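User: I am new to reading structures. Could you take me on a close look at one part of this one, and then show me what lies behind it?

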Amino acid sequence: MTLQKIHRMVWLARTLAGTGLLIAAVGLGLLGWTIYNTQIAPVHAADQRKGMKQASDQLGRLIVESHAQIQTTLDESAAKPGENGAIPNLAQLVRAQLKEHPDSTLTNLNGEATQLTKLNAQCTAWRDSYDVVWDDIGQQRTMNNVRSLIARLTGAVDEFQGQHRLDDAIRYRQWRSAPIDDADPLARQILIDEGRQQSQGSADVKDQLSELARLAELLNGEEQFDSLTDLKDIQLRPVLDRLSKSMDAFRLDPANHDVLTPQAINDISSALFGRGYVLDEAHQSIQPAPGGLFTLRWNALQLLGQREDLRHGASQLFQEIEQTWTSFDQSANAPEAVPVRQADRGVGDKWPEMWIWGGVCAALILQWLAILISRGIQRETARRLMLEKQAAAAELDKVNKQLLEISQRAGAAEASTGVLHKVDDILNRVNASANVIRDKVAQSRVGNLSKASAMIESHRADLANFLTVHEKGRQLPGYFTLISKQLSQEHEAVVTELNHLVREVEHIKEVVRSQQDPAKLSKCPST
Amino acid sequence: MRSVAQILLIAAFLSWLAPRGLAATNDASNGKDDILLGMSTALSGPAANLGNQMKEGILAGLQRANRAGGVNGRHLRLIVLDDGCEPARTAPNMRRLLQEDNVLAVIGNVGAPTTVAAVPICDEQDALFFAPFSGAGALRHSPPDRYVVNYRASYAEETGAMINALLDGAGLQPEEIAFFTEHDAYGDAGFEGGIAALKRHGLEDENRVLHVRYEPNTLAVENALATLLYADHEPRAIIMVGVDRPCAKFIKLAHDAGLRSLFLNVSFVGSDSLAAELANVPANVLVTQVVPYPLATDVPIVREYQADLKSLDPAAKPGFTTLEGYVSCRILLAALQKIPGKPTREGVIDALDALGEFDLGLGAKLHYGPDDHQACHRIWPTILQNGVFVPFDWKSIGDLVRKDAQ
C-alpha cells in the first residue's frame, strides 16, 4: 500500500465520517424530536383533559352560582347581586372554552349563556323596578301616608267631636257648680247644643272613615287584580263619595278647621289612586294615576306575575344549560380515554418512523464505528509503515555488512579448496581404517570365551571330573588352544589398522595447520 | 444623576405608601373589624324628638369609646333607621339591620309598640335587643327573654312609684287618681302597672278608678278630658301615659277647664318637649325619670355625659333622653370590654349576664344576670319649674295635691 493510497483512504474515511456525523446529527435530532413528540403527546393530552375537567368543574360551579344569582335577584328580601356576578363569568368562560375547543356542545352552551345573560338583564331590570315597589311596601310609605291621612282626619273629627263634648262637659261642670238661678238656662243651652251637634253628623263621618281605613288595609293586602278593581270601583268610590258629602255638611270655618275640609278627602283619594286620578262618571269607575296605593299594589301584582314568568324561564333555561353542561362534563371526564387513546394512536403511528430513524441512527453509529476503525487502520498502517521503513533500513544495513564480510571471505575460500580436497581423501581413508577395526572387534570370539569361563566356574568343585568325564568339559582344553590363536590374530590385525589410522590423523593435522595462517589473515571487522 | 434617581424612587415609594396609609386610616373606622350596632327609631313623626335624642346620647357614648381606641381595638359604628315609631316600619328595619347590615346588637329603639314588633325578629336572629327606650311589660318577662336586656325601669315601676308617693306621701285614695293613657300597648302597660300598685294598696275594684284614653298619633284628647270632667269626683292626680304633644294639650285644656289636678307623666313623654309645650301653663306637672338629672354635677357619669355630649355636638343641650341613651351605651361598652377577641351576638349577652352587680357612677347600683335583664329599677322624679324639669323629692308631693279638689 502506497502512501497515496493511504491518504486517499484517510480522506475517504474523513468524508464518510463528516457526512455520517451530519446525518447522525440530523437523524438524532429528528429521532429526539420524534421521541419528544411521542412523549409530549400524552402530556398534552393530559393537560388538555385536565384543562377541560377544570373548565367543566368551574362551569358546573358557575351554573349553580348563576342559578343562585338569578334566584337572589328575583328575591326581593335578599341583597341584590352585584354587576360582576357568576353569570358574566360563566358567559366569559364558555366563550373562552369555545375558542379553545370549538365543538357543538360548547356552541350550544355559548348560545344558552347568551340567553342567560339576557335573562339576567331582564331579572335585574325587574329587580330595579320591584325594589322601588318593595321598598315602598316594606317601609309602608304609601300605605302609611294613607293611614296617616285617614288618622289625621279621624283625629280632627275626634277633636271636633271631642271639643263639643268638652264644651258640654265644661258647661256641665259650670252648671253643676252654678247657683240655682243660673242652672236652668245653662241646662237648656246644653240640650240645644247637643241637638245641633248630632245634626252635624260627625259620628257618620267617623263611621265612613273607619270603613275607609278598613278598605285601605284590604287594598294594601290584596293579591288579585279583580279584587283590586272591585275594591276601587265598588267599595272605595262610594265611601269617598259619602265622606265628601259629609264634609260638605260640616260647613266649618277653614280658618279654625284646616283638616276637616273637602280637600282632606281629595288628599286621601289621591293617596289611594294617585295624584291626577280621574273619576269616570260614565262608567262609575276611577282611572288611577301613578303614585297611589292602588297603582302600587297593581304594579306589585304585575311584577309578581313577571317574576313567576322569569322564574319559569330561568328554570327552563337552566334545565337546558344543565343538560348541555352534563354533555360537556361527560366529554371532559369520560374521554379521559379519548385524549389518551389519541396519544396512544399517535405513538403507534410514530413507530415506523421511529424504526426508520432508529435504523438510520444505527447505520450512522456503525458508520461512526467504521470511521473509528478506519482511523485505527490509518494509524496502524502509518505505524507499520514506519516500522517497515525502519526494518528495511536495518536489513539494508545488515545486507551491506554481510556483503562486506562475504567479499572479505571470498578470497580465503578459494585458497582452502585444494586443502579440503586433501583432507577429504585422508578422511576417507581414516573412515576405511575405522570400519575395519569395527568389523574385527565385532567378529571377535571374546564372547565365547566368557561362556567357557562360566562353565568352569560352575564346575569348580569337580573341575577335574568335568574336564575329564563331561563331554563339554573334555572339549574345553582344545577350545582354549584354538581361541588363543584366533585372538592373537585379531589383535595383530587391529593394531595394524590403528597404526594406519594414527598416521592418517597426523596427516590431517598437518594439512589443517598449514591452512590456519591464511584464514586468520582474511578476517576483518564487519563494521 | 444618581441622587435624582434616588429622590424619584423615594417619591414613588411615598406616593405608593400614601394612599395605603389613608386606606388604613379609613379602615380603622370602616373596617371589617368594626363593631356595628343598629337602631330602628323615630327620626320622624310625633316621637322624632325621642328618637333623635336617644341616638345622640348613644353616639356620644360611642364617640367616647372610639376616642379611646374602641373596644379592644375595634371601633364602633351605629346604623340608625327611621321607623317613625310605627311598628309596620320597624319590622323591615330590623330585618335590614340584622340580616343585611349584620349588626352585632340593636340598641335604643324607641316606643313600646315598635319594640314589641322588633323583639321576635331579634329572638329569631339570636341578636341582643338592648336598652329600648320603653318601659313596656312586654319587654320584661319573668324569666327574662335571653335576647332582651333593659336598662331602664318599667312603666309599671314608674306608675307604681307615682302611686306609692300619691297614696303614701300625699295621702290620696285610689279613687282620687285618674289615668290618661295612649290607646296602645304603651298606655296599657303604664295603666296596668298603676292598677297593680293600687291593688297592692288595697284597691279591690279597678272600675272605681277613672281611665280615659286617646288614639295614638292624634291630638284628639278632648273626649278623654270631657269624660273626666263629667265624672262625679274630680281626680286630684292624673297619671298620664302618653307622648308629649297630646299630654301637653290635655294638661292645657284641663287647666283651661279649671281642673287643678296634679299631672304625673312617665319618662316616655319626653320631658324637654313637654316642658316646651307647657311653657306658659301654670300646672303642677311631674315626670318620673329613669336617669339622674342631666345637669347634675355630683353624679360622675352625668359629668362624663355632659363632656361627651359637648364633644359630639357643642350646641346639644343635656337632656333626660340623651342621658338615657348615653348610659345605655356605656353599659353595653362595659360588657363589650369583657369580651376577648371579636364579639359575637351570643357573646354580648353572656357578657351582660356576667356583669352581675356593677357601678357606672350613676348613683344607683346596677345589676344584670341570667335571671335579671333590667339593670336599673330606680326612679328619679322631676317637676316642671320655670319651663324646665328639675329634680323633685317625693316627700314634697303632698304640697302639690290640691286639698279642695272636690
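Analyst: Let's begin where chain B touches chain A: the contact takes 26 residues from chain B and 21 residues from chain A, with contact meaning heavy atoms within 4.5 Å. This is a predicted model, in which local features need pLDDT of at least 70 and side-chain atom pairs count only at pLDDT 80 or more, while totals for chains, interfaces and linings use all residues. Residues are numbered from 1 along each chain as its sequence is written, chains are lettered from A and ligands numbered from 1 in the order in which they are written, and side-chain values use heavy atoms, with hydrogens and water left out.

About 1,900 Å² is buried between the two chains, and carbon and sulfur atoms give 50% of that area. Buried area here is the accessible area (1.4 Å probe) that two parts lose on being put together, summed over both.

Now for the charged pairs. Two salt bridges cross the interface of chain B and chain A (a side-chain nitrogen of Lys or Arg within 4 Å of a carboxyl oxygen of Asp or Glu). B:K249 makes a salt bridge with A:E159, with 2.6 Å between the closest N and O atoms.

Helices (H or I, at least four residues) and strands (E, at least two) are DSSP runs, numbered from the N terminus. The side of chain B that touches chain A divides into twelve nonpolar, five polar and nine charged residues. Ala, Val, Leu, Ile, Met, Phe, Trp, Tyr, Cys and Pro count as nonpolar, Asp, Glu, Lys and Arg as charged, and the others, Gly among them, as polar.

Next, the sheets of chain B. Seven strands make an open, mixed sheet in the order β7-β6-β8-β9-β10-β13-β14, where strands pair if DSSP finds at least two bridges between them. Strands β7 (210-214) and β14 (388-391) of chain B stand at the edges with a single partner strand each, so one side of each has no neighbour in the sheet. From one strand to the next, the twist averages 25 degrees. Within this sheet, β6 (residues 177-182) and β8 (residues 237-241) of chain B run parallel over five bridges, and B:F180 has B:M240 as its bridge partner in β8(B). Across β6, β7 and β8 of chain B lies helix α6 (residues 185-200), at about 160 degrees to β6(B); axes are lines fitted to C-alpha atoms, for helices over the stretch in contact, and angles run from 0 to 180 degrees between N-to-C directions.

Another open sheet of chain B has five strands, in parallel pairing and in the order β2-β1-β3-β4-β5.
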